[in-house]
Amino acid sequence: MSVLPGDPFRACPHCGHRPAGRREARQLCADTTVTWLEPGPDGTLGEAHHCTACAPTGPVIDLACDTCGDGPLLCYAARSPSLSDLLAAARRWLCALGWQATGRCLTCPACRRAAPGPSTAR
Ligand SMILES: [Zn+2]
Ligand SMILES: [Zn+2]
């Protein structure tokens, strides 16, 4: 991605913030592993990664897997479409990645593989 040869620290992929030291680099690395789902200008959801400095400050919905608690954060700003549209789009996005959405219950691809059930037999 944006890693330059010889650059010891990965910069934030969103704002380009470059950590000043190893400690900050570790923190930034942890922060940028979080996946954010954000609606673009046309309402289409896109994936983004942020450091603490550029993380969205608006309302956020945690789309966590019911089993392991992992999952993206869905952020909706003022320009977002309606919340139900946004949630439907987020579910489509997750399902395209192999998530299973049953009612209000979300299961990530890793937990689907780990859990024996009728869904894995199909
Ligand atoms: Zn950033
Ligand atoms: Zn999971």
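What share of the 122 residues in the protein chain is buried? Buried residues make up 19%. A residue counts as buried if 20 or more other C-beta atoms lie within 10 Å of its own, as exposed if 12 or fewer do, and as partly exposed in between, with C-beta atoms placed from the backbone.

Before I go on, a word on the model. It is predicted: local features need pLDDT of at least 70, side-chain atom pairs count only at pLDDT 80 or more, and totals for chains, interfaces and linings use all residues. Residues are numbered from 1 along each chain as its sequence is written, and chains are lettered from A and ligands numbered from 1 in the order in which they are written.

Now the elements. The protein chain has four helices and six strands. Helices (H or I, at least four residues) and strands (E, at least two) are DSSP runs, numbered from the N terminus. Read from that end, the order is α-β-β-β-β-α-β-β-α-α.

Next, the sheet. Four strands make an open sheet with mixed pairing, in the order β2-β1-β4-β3. Its edge strands are β2, residues 45-48, and β3, each of which pairs on one side only. On average, neighbouring strands of this sheet are turned by 30° against each other, direction ignored; the axes are lines fitted to C-alpha atoms, for helices over the stretch in contact, and angles run from 0 to 180 degrees between N-to-C directions. Two strands pair if DSSP finds at least two bridges between them. Strand β1, residues 36-39, pairs with β4 in the parallel sense over two bridges. Trp36 stands opposite Leu73 in β4.

Pro72 sits in the loop between β3 (60-62) and β4 (73-75). Is Pro72 buried or exposed? Pro72 counts as buried because 23 C-beta neighbours lie inside 10 Å. Leaving aside neighbours within four places in sequence, Pro72 is in contact with Thr35, Trp36, Leu37 and Leu63. Contact here means that the C-beta atoms of two residues, placed from the backbone, lie within 7 Å. Thr33 is 39 residues away from Pro72 along the chain, and their C-alpha atoms are separated by 9.8 Å.

The other one is Gly40, in the loop between β1 and β2. Gly40 has 10 C-beta neighbours inside 10 Å, so Gly40 counts as exposed. The C-alpha atoms of Gly40 and Ala77 are separated by 9.9 Å, with the two residues 37 apart along the chain.

Last, the contacts of the whole chain. Among those between residues at least 6 apart in sequence, 41% join residues at least 24 apart.
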